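User: Here is a model I would like to go through term by term. For each label, please set the value against its cut-off.

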Amino acid sequence: MSATDTSWGAASAHLAALGVPEDTGFYGEFTGEDEKAVLTIPQRITHAWATNDPDAFADTFTENGSVLLQDNQLTSREEIREYLRRAFEGGLAGARVTGVPLDVKFLAPGVAIAITEGGIVLPGETEIAPERRIRAVWVVVRGTDGTLSLISHQSSPIAS
């Protein structure tokens with residue numbers, strides 16, 4: 001990929017390279033190839049939750065990636081990995097996340113944001129409890145080698 005290439009690549013190829021099954025229904029109205037590529041990031045996170053895999057979750061982020069989860073601001077891939085390891089071994093064991101995209105915007109070459117709505121589904125539940133509904137912002141970057149990573153993620157509760 002050259003520095004002037006603005007293509008974000010094929011969503012299916014990004015996911016296949018990581019062994020993540022593609023949920024083609026997730027894209028909804030976002031049918032452009034670049035939009036779908038950006039939306040592979042939430043699909044990777046959804047897959048990491050489905051398998052309770054803290055490494056897959058953390059490896060979605062850049063080395064200096066950051067995530068705000070409730071009141072926990074984590075500012076490196078390793079902090080994120082350790083936090084999710086504890087969570088998946090503890091109170092979030094067997095939990096999964098689900099959501100839908102609301103928007104995708106390209107901010108600059110190699111930088112995009114996605115906005116989703118969804119939340120955490122605990123074991124034994126079939127849908128998101130109202131108190132666990134969130135809206136999330138995903139800041140996605142495209143590396144010079146074409147890989148996509150999450151540099152920042154923030155979620156906020158949706159008032160019931």
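**Labels and their cut-offs**

Analyst: Over residues 1-5 of this predicted model, pLDDT stays under 50, and the model has 7 contacts for that stretch beyond four places in sequence. Here pLDDT is the predictor's confidence in each residue, from 0 to 100, and contact means heavy atoms within 4.5 Å. Across the protein the mean pLDDT is 94, and 96% of the residues reach 70 or more. Because the model is predicted, local features need pLDDT of at least 70 and side-chain atom pairs count only at pLDDT 80 or more, while totals for chains, interfaces and linings use all residues. Residues are numbered from 1 along each chain as its sequence is written, and side-chain values use heavy atoms, with hydrogens and water left out.

User: Why is glutamine 43 called buried?

Analyst: Buried means under 20% relative accessible area, exposed over 50%, and partly exposed in between (1.4 Å probe, protein chains only). Glutamine 43 has 5% relative accessibility, so it counts as buried. Glutamine 43 lies in helix H3. Leaving aside neighbours within four places in sequence, glutamine 43 is in contact with Leu15, Val20, Pro21, Glu22, Asp23, Phe26 and Tyr27.

User: What makes H3 largely enclosed by the rest of the structure?

Analyst: Of the 11 residues of H3, 8 are buried, so H3 is largely enclosed. The buried residues are Thr40, Ile41, Pro42, Gln43, Arg44, Ile45, Ala48 and Trp49. The helix label itself is a DSSP run (H or I, at least four residues), strands are runs of E with at least two, and both are numbered from the N terminus.

User: How does the span of H5 compare with what is expected?

Analyst: The expected span of a helix is 1.5 Å times one less than its number of residues. Helix H5 (residues 77-89) has 13 residues and reaches 18 Å from its first C-alpha to its last, close to the expected 18 Å. Buried in H5 are Arg77, Ile80, Arg81, Tyr83, Leu84, Ala87 and Phe88. Their cover includes helix H3 (40-50), helix H4 (54-58), strand S1 (61-69) and strand S2 (72-74).

User: Why is the pair aspartate 55 and arginine 81 called a salt bridge?

Analyst: A salt bridge needs a side-chain nitrogen of Lys or Arg within 4 Å of a carboxyl oxygen of Asp or Glu. For aspartate 55 and arginine 81 the N to O distance is 3.0 Å, and the label applies. Aspartate 55 lies in helix H4 and arginine 81 in helix H5, so the pair ties together parts 26 residues apart in sequence. Aspartate 55 counts as partly exposed at 32% relative accessibility, whereas arginine 81 counts as buried at 11%. Both belong to a network of salt bridges that links Asp55, Asp59, Glu78, Arg81, Glu82, Arg85 and Arg86. By this rule the count comes to 13 salt bridges.

User: How do you know that lysine 36 and glutamate 33 are about one helical turn apart?

Analyst: An α-helix has 3.6 residues a turn, so residues three or four places apart point the same way. Lysine 36 and glutamate 33 are 3 residues apart in helix H2 (residues 33-38), which means a separation of about one helical turn. The closest N and O atoms of this salt bridge are 3.3 Å apart. Glutamate 33 is partly exposed, with a relative accessible area of 44%.

User: What makes S4 and S5 a pair of strands?

Analyst: Two strands pair if DSSP finds at least two bridges between them. S4 and S5 run antiparallel and are joined by 9 bridges, which meets that rule. Glycine 119 stands opposite arginine 133 in S5. Arginine 133 also forms a salt bridge with glutamate 117, the closest N and O atoms being 3.1 Å apart. That pair links distant parts of the chain, with arginine 133 in strand S5 (residues 133-142) and glutamate 117 in strand S4 (residues 111-121), 16 residues apart. Arginine 133 is partly exposed at 30%, and glutamate 117 counts as partly exposed at 21%.

User: Which strands are the edge strands of the sheet?

Analyst: The open sheet has 6 strands in the order S2-S1-S6-S5-S4-S3, with mixed pairing. S2 and strand S3 (96-108) are the edge strands, because each pairs on one side only.
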